[in-house]
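Please read the points below with the sequence and the coordinates at hand.

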Amino acid sequence: KSTLLGKSATVQKIERIESPDLYQQYVQTRELLHKKRAKEIDAGTATLELDLYHGTGEEAIHHVIDKGFNRSYAGLAVGKLYGAGVYFARESGVSHPYARASSIRERKMFLCNVLMGLSVVGSEAMLEPPIIDTSKSKTDRYDSTVDNVTNPRIFVSCYRDNMAYPAYLITFI
């Protein structure tokens, strides 16, 4: 038994996701992001990758495992307070409410590898992160959005394909 931000939960199982093609696409995207943001990552102003939680309903589990996260569904189930991407959280308790219970009361949550790069505070109006510095580039955008830049709890990624890999599936009641 464990506690998810004040909610008691019993973990039934943890399954490692093995999707070689999906993982290879993720690794290629990670390499490209690292190359693009190497200076900022080395300086500590950008984060390459985090392990974050994503709660979802039973109906989406197999699609995410087979095809990855689909940003086309962004905001349809729970809104898009920090932008129209896929939402992740540092703490499992933040993702807990989005892990909708099945008919047998099981809930499922992914522990994911998520690419972040340069982050900015998001807003509901954002279809993608804003341009970093319009005086230097008309196309270089932030890579992700967050609820708070200095101490984020909510992370929005997957504004582009292959920005997250569902590494583990956690089943709990």
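The numbered points below move from the overall fold to individual residues.

1. Basis of the note. The model is predicted: local features need pLDDT of at least 70, side-chain atom pairs count only at pLDDT 80 or more, and totals for chains, interfaces and linings use all residues. Residues are numbered from 1 along each chain as its sequence is written, and side-chain values use heavy atoms, with hydrogens and water left out.

2. Secondary structure. The protein contains 3 helices and 10 strands. Helices (H or I, at least four residues) and strands (E, at least two) are DSSP runs, numbered from the N terminus. Their order along the sequence is β-β-β-α-β-α-β-α-β-β-β-β-β. The radius of gyration is 16 Å, close to the 16 Å that the globule rule gives for 173 residues, so the protein is as compact as a globular protein of that length. Here the radius of gyration is taken over C-alpha atoms, and the globule rule is 2.2 Å times the number of residues to the power 0.38.

3. Extent and contacts. The C-alpha trace spans about 55 × 30 × 30 Å along its principal axes. Among contacts with a separation of 6 or more, 77% involve residues 24 or more positions apart. Contact means heavy atoms within 4.5 Å.

4. Burial and surface. Of the 173 residues, 42% count as buried. The term buried stands for under 20% relative accessible area, exposed for over 50%, and partly exposed for values in between (1.4 Å probe, protein chains only). The protein exposes about 9700 Å², of which carbon and sulfur atoms supply 49%. Accessible areas come from the Shrake-Rupley method with a 1.4 Å probe; for residues, only the protein chains shown count as cover.

5. Charges. The protein has 22 positive and 20 negative charges, and their mean positions are 3 Å apart. Lys and Arg count as positive and Asp and Glu as negative, while His and the chain ends are not counted. The place of a charge is taken as NZ of Lys, CZ of Arg, CG of Asp or CD of Glu.

6. Cysteines. How many disulfides does the structure hold? The number is 0, where a disulfide is a pair of cysteine sulfur atoms within 2.5 Å. Cys 112 is in no disulfide, and the nearest cysteine sulfur, that of Cys 158, is 8.2 Å away. Cys 158 is likewise in no disulfide, with the sulfur of Cys 112 as the nearest cysteine sulfur. Cys 112 is buried at a relative accessible area of 1%, and Cys 158 is buried at 3%.

7. Positive phi angles. Arg 105 has a positive phi of about 70° although it is not a glycine. Arg 105 belongs to the loop between helix H3 (92-95) and strand E6 (107-117), and it is exposed, with a relative accessible area of 59%. Asn 162, also not a glycine, has a positive phi of about 60°. Asn 162 sits in the loop between strand E9 (154-157) and strand E10 (164-172) and is partly exposed at 25% relative accessible area.

8. Glu 124. Where does Glu 124 lie? The residue is in the loop between strand E7 (119-121) and strand E8 (144-146). With 48% relative accessibility, Glu 124 counts as partly exposed. Leaving aside residues up to four places away in sequence, Glu 124 touches Lys 80, Leu 81 and Gly 83. Tyr 168 is 44 residues from Glu 124 in sequence and 29 Å from it in space, C-alpha to C-alpha.

9. Glu 91 is placed in the loop between strand E5 (86-89) and H3, and at 30% relative accessibility it counts as partly exposed. Glu 91 and His 34 are separated by 57 residues in sequence and by 25 Å in space, C-alpha to C-alpha. Gly 93 is part of helix H3 and counts as buried at 8% relative accessibility. Between Gly 93 and Ser 8 there are 85 residues of sequence separation and a C-alpha to C-alpha distance of 9.9 Å.

10. His 63. This residue belongs to helix H2 (residues 58-67). His 63 is partly exposed at 37% relative accessibility. Not counting residues up to four places away in sequence, His 63 touches Gly 68 and Asn 70.
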